[in-house]
Amino acid sequence: EKYSEAAIEFKAVLDDATLTDETSRERAASSLFRCKANVCDWSGYDDDCAALVATVRSSLEANQLPTVHPYEALMWPCLSVSDAARIGAQYGARALASVNKALPLPDLSPRPSRYKETG
């Protein structure tokens, strides 16, 4: 029942014409899709899919991390394999950047030797 209630709220966010923040719209679209899927509510499926695809592709085009997770992108038939691959690439790049920031690679450039070569 909580999923159904949440779906109503997310739908209201998407229907709010005054909301211009794309990140909030994308979060609402993906959350609405998740909530309705959890209760097998497929009413308005085509509209929900269109909203989800539009917001995900908008994020991808802006080189921003979509709110849909890579494995989730493979679950939803309205997202293409290409969309899922691009989402996975975005998440992978973010993970790699986090690791590199936390654990920077050592400098592996050649260093001058302390010993003279004898020939």
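Residues are numbered from 1 along each chain as its sequence is written, and side-chain values use heavy atoms, with hydrogens and water left out. Because the model is predicted, local features need pLDDT of at least 70 and side-chain atom pairs count only at pLDDT 80 or more, while totals for chains, interfaces and linings use all residues.

A search of the whole structure turns up six salt bridges, each defined as a side-chain nitrogen of Lys or Arg within 4 Å of a carboxyl oxygen of Asp or Glu. One of them joins Glu5 to Lys2, with 4.0 Å between the closest N and O atoms. Both residues belong to helix H1 (residues 2-15) and sit three residues apart, about one turn of the helix; helices here are DSSP runs (H or I, at least four residues), and strands (E) need at least two, numbered from the N terminus. Glu5 is partly exposed at 37% relative accessible area, and Lys2 is exposed at 66%, where buried means under 20%, exposed over 50% and partly exposed in between (1.4 Å probe, protein chains only).

Other salt bridges reach across the chain. Glu72 and Arg34 meet with an N to O distance of 2.4 Å. This pair links distant parts of the chain, 38 residues apart, with Glu72 in helix H4 (residues 70-75) and Arg34 in helix H2 (residues 22-38). Glu72 is buried at 11% relative accessibility, whereas Arg34 is partly exposed at 22%. In a further salt bridge, the closest N and O atoms of Glu61 and Arg86 are 3.2 Å apart. Here helix H3 (residues 45-61) supplies Glu61 and helix H5 (residues 81-102) supplies Arg86, 25 residues away in the chain. Glu61 is exposed at 60%, and Arg86 is partly exposed at 33%.

Turning to the cysteines, the structure holds zero disulfides, a disulfide being a pair of cysteine sulfur atoms within 2.5 Å. The sulfur of Cys49 has its closest cysteine sulfur in Cys78, but at 3.1 Å the two are too far apart for a bond. Both residues are buried, Cys49 at 7% relative accessibility and Cys78 at 19%.

Leu79 touches Leu52, Val53, Val56, Val68 and Ala73, leaving aside residues up to four places away in sequence; contact means heavy atoms within 4.5 Å.

After H3 comes Asn63, which has a positive phi, near 60°.
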